[in-house]
Amino acid sequence: MKNIPLVMILFGGSGDLAHRKLYPALFNLYEQGLIHDNFAVIATARRPWSHEYLREQVSDAIHETHEVVDENEISAFASHFYYQSHDVTNVEHYVTLKQLAHDLDEKYSAQGNRLFYMAMAPRFFGTIATHINDQHLTGSGFNRIVVEKPFGRDLASAEELNKQITASFKENEIFRIDHYLGKEMVQNILPLRFTNPLIKNIWNSDNIQNIQVTLAERLGVEARGGYYETSGALRDMVQNHIFQIITLLAMPEPKDISAASIHEAKKKLLDSLIIPDKDVIKKHFVRGQYAGSDTTFAYKNEPNVDENSTTETFAAGEVKFTEGPVAGVPIYFRTGKEFKEKKNRIDIVLKHINTPYGKAHSNNITIVIDPKSEIFITINGKRISEPGIRRENLDYTFSKEELAQVPDGYERLLHDVIVNDSTNFTEWSELKRYWQFIDAVESAWDEENKSGKPDIPQYIPYRMGPKEANDIFECATAHWIYE
Ligand code: NAD
């Protein structure tokens, strides 16, 4: 499909996400011709920018992310951008916005198609959705809305937000974005599972002992302590990214790869998600906060963080399902800030078998998502000149040229919104289950906080998080594969 007509209204046009991700992604889609002559972007934010200034910003964003650029292409692209100074709480501003969208629709023959993108602090999402509805901002063609994370901060607030958005948009017009679903190796999970008999046939509870998902960050909260205090690792990383990855790892085989079939398989799995009770949470979940060092602040001493804060910068736990190929298999996750390195990876740990050679390691399948894309399988073979078994890796890696072709997650996902493919977006029924799980853990932790003795180990920065996370396994011999 080429040159899809649309007027995009971007709330948060002066923000970090717009600058670093959305403008470069839109430029690449423009270069591919997906949007070309018949599109306009209205960027809104509070600052009093002019159209010209916005266009300079767009051009800078493209120079910062592209090595070789054709200046004429950039100016042609940037000429489609318009700025409106807008306070999302001021109803009058939506009236002006509507008029501008209408005028640009005529100018660019956009056929009444509207794409709204909420790239702002999540506390504004509900207000924006309400005013899109009461000021009738939707167009006469297609209407779609992209909602950034986090979608609510618990099930009740997510339900409220969903109600505000569904007042103007149908479920199939709402694109709840999770940029992890745009990552190369996350998109590779289903092909890996379902096109290899070697992998598909062992992907079950007879053969898999446990699954481990680690999303580790090197950075601390930096200047975002104020926001982080309202979130924590569980809400910031587990409710969305970790659960999306776990769903792809545990879902049954879809009938085909249409969006409808993939969501149907996910739903089937998530209906069987076990919501953990207090005992399970006590035994198999751990939270922590990074301590300080000679050169870095402890989390509690970061700017805008309460010195008695109980917000976790690390969370680990266990997820289980009663249906699907890995029903009953423990799926462990951990995520945290100030780890020894940035690393997003999945380890599938196979059960041990008896061998005529005595003890041998079992096989692990590892999918590395970041910082590089890689799959490796540990495999046993004979030693060359002495008796015994050695362990090697079978590697699936990308060449430098291939890696250079991998589009950014935002480019992929914006492309999907524009062509109306909802495969890699979160449906409401899925999100609801994730929040039910998170709410159960938050509520157990809240209770512990109220007891006055919360168990929140302080961990040494730039290592592997709190040592207590090594004790969450059901099986005494299990351990984190990535150490
Ligand atoms: P940001 O703080 O850099 O930008 C916020 C934008 O909102 C700015 O344009 C600001 O002018 C505007 N704004 C604030 N208050 C306003 C008001 N009252 N009226 C009108 N405009 C107002 O935030 P960001 O980092 O760009 O993040 C935006 C969203 O994207 C968040 O939901 C975040 O969770 C999500 N996100 C961001 C990233 C990233 O890399 N930055 C990655 C994933 C998800």
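This is a predicted model: local features need pLDDT of at least 70, side-chain atom pairs count only at pLDDT 80 or more; totals for chains, interfaces and linings use all residues.
Visitor: How should I read a pair of aromatic rings, and which kind of pair do Tyr332 and Phe473 form?

Guide: A pair of aromatic rings is described by two quantities, the distance of the centres and the angle of the planes. For Tyr332 and Phe473 the centres are 4.6 Å apart and the planes stand at 65 degrees, so the pair is edge-to-face, because planes over 60 degrees apart count as such. Tyr332 belongs to strand S10 (residues 331–336), while Phe473 lies in the segment after strand S15 (458–459), so the pair ties together parts that are 141 residues apart in sequence.

Visitor: How many aromatic pairs does the structure hold, and which residues do ring pairs link into a cluster?

Guide: The structure holds 26 aromatic pairs, and one of them, formed by Phe77 and Phe81, is edge-to-face, with 5.0 Å from centre to centre and 65 degrees between the planes. Phe77 has a relative accessibility of 0% and therefore counts as buried, and Phe81, at 0% relative accessibility, is likewise counted as buried. Ring pairs join Phe77 and Phe81 with Tyr23, Phe27, Tyr30 and Phe39 in a cluster.

Visitor: Which rings have an arginine over them?

Guide: One is the ring of Tyr82, where the charged end of Arg55 sits 4.9 Å from the centre. Another is the ring of Phe142, whose face has Arg144 lying over it, at 3.6 Å from the ring centre.

Visitor: Turning to the ligand, which residues around it come nearest?

Guide: The ligand has 21 residues around it, and those that come nearest are Ser14, Asp16, Leu17, Arg20 and Lys149.

Visitor: Which polar atoms of the protein lie by the ligand's own oxygen and nitrogen atoms?

Guide: In the side chain of Ser14, an N or O atom is 2.7 Å from an oxygen atom of the ligand, and a backbone N or O atom of Gly12 lies 3.5 Å from a ligand oxygen atom. On the nitrogen side, a polar backbone atom of His86 is 3.4 Å from a nitrogen atom of the ligand. As for cover, the ligand on its own has 840 Å² of accessible area, of which the protein covers 79%.

Visitor: What should I look for in the backbone itself, beginning with the peptide bonds?

Guide: Most peptide bonds are trans, and most residues other than glycine have a negative phi. Against that background, a cis peptide bond joins Lys149 and Pro150, with omega at about -10 degrees, and Lys149 is also among the residues that come nearest to the ligand. Pro150 itself lies in the loop between strand S5 (143–147) and helix H6 (155–166). A cis bond is also found between Asp370 and Pro371, where omega is about 5 degrees, and Pro371 lies in the loop that runs between strand S12 (364–370) and strand S13 (374–382).

Visitor: Where in the chain do Gln111 and His136 lie, and what is the phi of each?

Guide: Gln111, although not a glycine, has a positive phi of about 55 degrees, and its place is the loop between helix H4 (91–108) and strand S4 (114–118). Its relative accessibility is 57%, and because exposed means over 50%, Gln111 counts as exposed. His136 has a positive phi near 50 degrees and is also a residue other than glycine; His136 is found in the loop between helix H5 (125–134) and S5, and at 53% relative accessibility it counts as exposed.

Terms used. Residues are numbered from 1 along each chain as its sequence is written. Side-chain values use heavy atoms; hydrogens and water are left out. A residue is near a molecule or strand if one of its heavy atoms lies within 4 Å of it. A polar contact is a pair of N or O atoms within 3.5 Å; within protein, one must be able to donate a hydrogen and the other to accept it, and residues adjacent in sequence count only if both atoms are side-chain atoms. Accessible areas come from the Shrake-Rupley method with a 1.4 Å probe; for residues, only the protein chains shown count as cover. Rings of Phe, Tyr and Trp (its six-membered ring) pair if their centres lie within 6.5 Å; planes under 30 degrees apart count as stacked, over 60 as edge-to-face and the rest as tilted. Buried means under 20% relative accessible area, exposed over 50%, partly exposed in between (1.4 Å probe, protein chains only). Helices (H or I, at least four residues) and strands (E, at least two) are DSSP runs, numbered from the N terminus. A charge sits over a ring if NZ of Lys or CZ of Arg is within 6 Å of the ring centre and within 35 degrees of the ring normal.
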